[in-house]
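Please keep the sequence and the three-dimensional view at hand while going through the numbered points.

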Amino acid sequence: MAETDKDDLISIIEEEDRTDDIPESLPLMPVRDVVIFTDMLLPLFIGREKSVRAVERAVSKDGYLMLATQKDPGLEDPGPDEIYTIGTVGRILRMLKLPDGRLKALVQGVAKARVVSYLRKKSWFRVKIEELTEPVTDILDLETEALMRNVREYSERILALRGELSGEVSTILESIDEPGKLADLVASNLRLKIDEAQQVLEVIDPVGRLAMVNDMLSREVELSTMQAKIQSDVREEISKNQRDYFLREQMRAIHKELGEFDEKAQELEEYTKKIRKAKMPKEADKEAKKQLKRLEQMHPDAGESSIIRTYLDWLVEMPWNKSTKDMLDIRHAKKILDKDHYGLDKVKDRILEYLSVRKLNPKMKGPILCFVGPPGVGKTSLGRSIAAAMKRKFVRISLGGIRDEAEIRGHRRTYIGALPGRILQGLKQCGKNNPIFMMDEIDKVGSDFRGDPSAALLEALDPEQNFEFSDHYLNLAFDLSKVMFILTANVTDTIPSALLDRMELIPLSGYTEEEKKIIAEMHLIPRQLKENGLKSRQISLSPGALHQIITEYTSEAGLRNLEREIGTLCRKVARKIAEKEKGPFPITKGNLHKYLGIAEYYPEMDQEDSQVGLSTGLAWTQAGGEVLYIEASLINGKGELIVTGQLGEVMQESARAALTYTRANLTFFGLEENILENLDIHIHVPAGAIPKDGPSAGIAMGIALISALTGRPVSKYVAMTGEITLRGRVLPIGGLKEKAMGALRGGIRTVIIPEKNKKELSEIPGNVKRKIRFVPVKHMDEVLPVALEEE
């Protein structure tokens, strides 16, 4: 062989000329991404400093090098623990030093060996090895021959599936008659994972190694067969699509020659007309034309074409410039509102004010109203009446239980089945951009990991922002400023403050007995007669019976239970008529129980006589105002205070404040100063199973306690509401209107209220003020003569 420069090329004597035995210690080079088997010939690029030195040491000696695979290919400088112990002794046949300092070596596996110990670890590895000798099998049994034949057939099948089978390969496979060499040859060309190839290498028994390779070949045949099937199916699908496209193009050409219209061209023309007819804003029109152009360039059967069609349908069907002309006849609107609803003057006045301003300023923005009140007072039906009075479309959605922001803002078009939010869906459904849009149960909106719907409502319900409301699906600004939003809620406590700030609150407190009677006669009874197929001559309801239903069979601020009871009466009569009983059927106070059963409520009988230590308070609930009884008893003890009835912290503090006030004024009440030293005070608020809390029971607790100490009974016709301080001052409370109506239902004749709530008496209906005497007080001294009776 010709000599060359030593820095460029170093030639090692050919394999047939080397007959040296393998030394017991050799330089070790860790290799990655490959497991080297015996008789395997492959080129290696060596770049790591340790590996370069190990190769140079091997070349300078006898050309032998221990090749072991590292466990983690990503390690740049593996230690002894990161290198497999079993590897292959390789012989360097040729080596070339590259200009960048790396080496290129042609290496052949010679023998399998195990690393016994590391003799050198710094700068390069030198190890002591133990050569692993395989058992020699001179005569092959039938099982081994069958296994070898199976491995050859599997190998040829895999190569055939890959398109790599040739006559030379088959000849090589047939020429190998040793099971170990056949296993090594096949394993080195099987594209195994590193850990699998290492497992094959570590099996010393050649037949066992061949059996392991056979199992791996079996799995690889299945994978290759499946891969070939998938590729064949893909080619067939591509061919089918190309064929379909070619046929469609031919059909298009034929239709063109015949003068017939192309379906796709017809569809595009229809969309063009719809876009022109929709009269969208500039940005929306630009986006619609852009998407139409994309659809034109897209194959009709492409998956994205249906998404673009759906998007274009939404764009052209949105009411960008379609409005309803308002009915601005104020008297006519008032007539419709009065016809549909009795009372509710404050709400009606607000609507008529809006119409009046709208008449003077047609460009004014729609208001954001929020009706707050207990269930059944007519919040939702009032919205329908407002729409009828203004001759606008009416849209209603319920927000109760909504937790996903996308319900308001919509989903982005990247998601399958994406749609706009509930607001734009409602506008598309009604076909106008200025409807009466009612959102029920705004106080019951939730939030979770999908977002906060109440935060998304901030933009929609803000007149300064909603003129360019952005929905995630359309991704275009839509003008909501013409929409009149009306929201409903039972309470305002659960509405976020930022959202509450954007709404004009209109409270609907409930109805008095007289109002319920009039509403029942005007609306509820005729409606139930119609729903149950009855005529007015077949059934009659006396005023006394109606009053008894209101007072003894229902106890609510609204009208739902009252309508249910009237419906029950109608059903009972309808059954009698169906059973051919002769009418008419008059319902009076005397026979009412035969239809409705035993009365559920006896409000005026709750407290038959005025009692010592029993006062009447007033509570506000979501269903309106209610009467609350407070009991105080004295028992032998050590002057402790016992509070029961599931009272919250605020009411417990009211009880302690009332006790402190009483103790500080014992001499004023004509009592001994040490009277409470040997007495425990027990304050109880029935019913015990219902949690209660609120800052308005202070004076009622104080009166019950003073009554128990002085022995003077509390008048059963007097109810009181107000908070007490340690010095006896009476502080203002909330919900006076609801509490007044609750007192009326409870048969109360006198209500003691804080002086600072006196201005709210103007909000209370006149018939309530005629039946109840309101006594404003500033101090507990003023409460005592009104609430306590003489002994």
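1. This is a predicted model, in which local features need pLDDT of at least 70 and side-chain atom pairs count only at pLDDT 80 or more, while totals for chains, interfaces and linings use all residues. Residues are numbered from 1 along each chain as its sequence is written, and side-chain values use heavy atoms, with hydrogens and water left out.

2. Helices (H or I, at least four residues) and strands (E, at least two) are DSSP runs, numbered from the N terminus. Two strands are said to pair if DSSP finds at least two bridges between them. Strands of a sheet pair through backbone hydrogen bonds, either parallel or antiparallel.

3. Strand β7 (residues 125-131) pairs with strand β2 (residues 25-31) in the antiparallel sense, over 4 bridges. Here F125 of β7 is the bridge partner of L28. Strand β6 (residues 103-120) also runs antiparallel to β7, and 6 bridges join the two; E130 in β7 is the bridge partner of R114. β6 and β7 form a hairpin with 4 residues between them, and S123 in its turn has a positive phi of about 65°.

4. Leaving aside neighbours within four places in sequence, F37 is in contact (heavy atoms within 4.5 Å) with residues including T88, G109, D184 and A187. The C-alpha atoms of F37 and A111 are separated by 8.2 Å, although these residues are 74 apart along the chain.

5. Helix α4 (residues 179-188) is mostly covered, as 7 of its 10 residues are buried. Among them are D184 and A187, both of which F37 contacts.

6. An open sheet of 5 strands, with parallel pairing, has the order β9-β10-β13-β8-β14. Its edge strands, β9 (394-398) and β14 (504-507), each pair on one side only. Neighbouring strands of this sheet are turned by 20° against each other on average, direction ignored; axes are lines fitted to C-alpha atoms, for helices over the stretch in contact, and angles run from 0 to 180 degrees between N-to-C directions. Strand β8 (residues 368-372) runs parallel to β14, joined by 4 bridges, and L369 has E504 of β14 as its bridge partner. Helix α12 (residues 379-390) packs on the sheet, touching β8, β9, β10 (436-440) and β13 (484-489), and its direction makes about 175° with that of β10.

7. Where is P713 found? P713 lies in the loop between α22 (698-710) and β21 (718-720), and it counts as buried at 15% relative accessibility. P713 and Q611 are 102 residues apart in sequence, yet 4.7 Å apart in space, C-alpha to C-alpha. Not counting residues up to four places away in sequence, P713 touches S610, Q611, V612, S707, A787, L788, E789 and E790.

Methods:
Buried means under 20% relative accessible area, exposed over 50%, partly exposed in between (1.4 Å probe, protein chains only).
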